[in-house]
Amino acid sequence: MKIINIKYLVLILPFIILGCYEDMDDNPISDTEIKDFIWSGLNTWYYWQDQVIDLADDRFLDTTDYSEFLNSFDTPDQMFYSLLSDQDRFSWIVDDYFALNNTLNGVSKSNGMEFGVGLIDGGSNAFGVVQYVLPNTSASTNNLQRGNFFLTVDGIQLTENNYRNLLFFGNDTYTIGLAELDTSDNLVLTGQTVTLTKQVYEENPILIANTFTVEGIKVGYLMYNRFTSGYDQQLNSIFGQFAAEGVQDLVLDLRYNPGGSVNSAINLGSMIAGEPTTSVFLKQQWNNKIQAILTDEQVNKYFTNQLSDGTSINTLNLNKVYILAQGSSASASELVINCLRPYLDVIHIGDVTVGKNEFSTTLYDSPSCNYSCTTGINPNHTWAMQPLVGKSENADGFFEYETGLIPTLTLEENVANYGILGQQDEPLLARAIQHITGNGRFSNQPMLNTLKIEDYSKLNTITKDNMYIDSEGLNVFK
C-alpha cells in the first residue's frame, strides 16, 4: 500500500529565497526546498509525529502559512531540531548523505585508536585510554596498545570542555602525550608522544573470533564491534567454523558495539539461537499513521535461516548465550539481548547499557518514494535525515528499557586492569568462563573511582549509537 503524502496544501511553494546552500555543482540554491523535505519526511515517518504540534497534518491553513513557517528558521538543521519531541535523544540530520552512507557501511576517517574519555578526580581535566586498536592504521603502526593512557593532544591538556574539539573535530593529524599511573594511582605524563593520522578506513566489525577448550567445554568467543550488513557473510562463516569445532558455549562481546543494522541483528540472533522462521524476533512500533496501514506480517520480523543473498545461515542452536555489554553498548546490541531473552537464557555480563530502544532510517529528498530511497532524489542538495521512526519490542512485548538493560552479573571494566581482549584472563571474559565452568568464586579488582569512563570515541562519529532499518525495510509501504 502506498502512503499518500497528506501535505496536499503545499504542492506549490512560493519562490522565496531565505538563505543559500551549495548543491553538488556548487551552485547556490534556496533552503526552502530543503526545509520542505524536512517537514514532509518527518510528517510522514517520525515516530512522535502525532505529538509534535508543528508536524500535525492540519497544522497549516494554506501555502502562505506553510511558507511563512519554513521561513521562520535560519537554517535547515535549526528547523529539524525544533521539530523533535522532548523524548527524542537520538535523531540527527546531515548536509552530506554520501558521508553518512559511507559511515553506515563502516567507511569513515579513522586513525585506528578507539578509546574512552573520563575526568580526573571529578574535576575538569580529562584523560583518554585506548580500548582497542584497528589493524593497518596509524595507531597500529605506532604500536599503541589497549590500556595506554594519554593526557594531552598537541601539548594541550585534555579537559571536559576541549576534548571533543581536540580529538574529534580538529585536525586529521594530532599528537597525543602518553601517561601512566604512578605509585599513588595518579596519572602522570611519561614524556612519550605518538602522532596519529586519520585516513579513510573501512572497519571490519569482527575484531576477534576464536575458540578454546576449558575443562572439557568448547567455548567460542566473538568480539563484534558494529552491526554492519556488508560483513554478514563473514559473520556467518565464523559461525560455520564455530559449529564445525563443536562450540558448546558462546561468549559474544558487544561491550564496544554502539549498534547498526537491524537486519544484521536478526541474522546474528538467528546464528545463535536457530529458532524456526515462524518465531518472532521483534515487533515494530511505528507512528499512528504508519501503524494503521500495516499488517501483522509487516510489523513482525522473524528469525531467519538465510542471508539476503540466499546463503543458508549457520547456527549453533544454543539455549544459553553469554553477552558482554556495558555503557558503550547500544541500539542493535541491546536489541539482540532483548530479543533473544524470550528464547534463550541470556547471561549479560558487564554494566548497564545505553538504553536505546528506537530505530531510525535514512530519509532523502525523494518524495516519489515517500523519502525512503535514492530514486528520484532531488539533485539540488545532499541533505539527509536520520530520524527515529519506531521502537522495537521482543516476542514477549517488552521494550521499555530507556534507562538501559541491567546486567545479570555486574562487572565494570577497570581501566587500570583492562587485560588483553580475547585472552581467557581478561576480566569480563574470565567472569563468563567462571560461570560456564561453575568453578570457584570470582573476585573483582576494585574500580578506581577517579578513572571512570564517561564518553567513547564511537559515540562521537556521525552514526553514533544508531540502530537503523535498511531502505528496503520501507518497501512494504509502497
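Guide: Contact here means heavy atoms within 4.5 Å. The model under discussion is a predicted one.

Visitor: Which residues of α2 do T32, K35, D36, W39 and S40 in α1 meet?

Guide: Helix α1 comprises residues 32-45 and helix α2 residues 63-71, and their axes come within 10 Å. From the α1 side, T32, K35, D36, W39 and S40 take part, and their partners in α2 are Y66, F69, L70 and N71.

Visitor: Are α1 and α2 roughly parallel or roughly perpendicular to each other?

Guide: Two packed helices are described by the angle between their axes and the distance between the axes. For α1 and α2 the axes cross at roughly 105°. Angles of 65 to 115 degrees count as roughly perpendicular. The relation of α1 to α2 is therefore roughly perpendicular.

Visitor: Which residues does L268 touch, not counting residues up to four places away in sequence?

Guide: L268 is among the residues that touch the most other members of the largest core. With residues up to four places away in sequence left out, L268 touches Y224, F227, L235, F239, L252 and V336.

Visitor: Which cysteines does the disulfide join, and is the link left-handed or right-handed?

Guide: A disulfide is a covalent bond between the sulfur atoms of two cysteines. A search of the whole structure finds 1, and it joins C369 to C373 with an S to S distance of 2.0 Å. C369 has 5% relative accessibility and C373 has 17%, so C369 counts as buried and C373 does too. The value about the S-S bond is -110°, and the link of C369 and C373 is left-handed.

Visitor: Is N111 buried or exposed, and with which side chain does its own side chain make a polar contact?

Guide: N111 is found in the loop between β4 and β5. Because its relative accessibility is 4%, N111 counts as buried. Leaving aside neighbours within four places in sequence, N111 is in contact with T137, S138, A139, Y174, L196, T197 and K198. The polar contact of its side chain, at 2.9 Å, is with the side chain of Y174.

Visitor: What is the phi of D154, and what is the phi of N317?

Guide: D154 has its place in the loop between β7 and β8, and with a relative accessible area of 43% D154 is partly exposed. N317 lies in the loop between β17 and β18. Phi is positive in D154, a residue other than glycine, with a value near 50°. For N317, also a residue other than glycine, phi is positive and near 50°.

Visitor: What distance separates the C-alpha atoms of N143 and V194?

Guide: N143 lies in the loop between α5 and β7, and at 55% relative accessibility N143 counts as exposed. Along the chain, N143 and V194 are 51 residues apart, and their C-alpha atoms are separated by 9.3 Å.

Methods:
Residues are numbered from 1 along each chain as its sequence is written. This is a predicted model: local features need pLDDT of at least 70, side-chain atom pairs count only at pLDDT 80 or more; totals for chains, interfaces and linings use all residues. Side-chain values use heavy atoms; hydrogens and water are left out. A nonpolar core is a set of buried Ala, Val, Leu, Ile, Met, Phe, Trp, Tyr and Cys residues joined through side-chain atoms within 4.5 Å. Buried means under 20% relative accessible area, exposed over 50%, partly exposed in between (1.4 Å probe, protein chains only). A disulfide is a pair of cysteine sulfur atoms within 2.5 Å. Helices (H or I, at least four residues) and strands (E, at least two) are DSSP runs, numbered from the N terminus. A polar contact is a pair of N or O atoms within 3.5 Å; within protein, one must be able to donate a hydrogen and the other to accept it, and residues adjacent in sequence count only if both atoms are side-chain atoms. Axes are lines fitted to C-alpha atoms, for helices over the stretch in contact, and angles run from 0 to 180 degrees between N-to-C directions. Angles under 35 degrees count as roughly parallel, over 145 as roughly antiparallel, 65 to 115 as roughly perpendicular and the rest as oblique.
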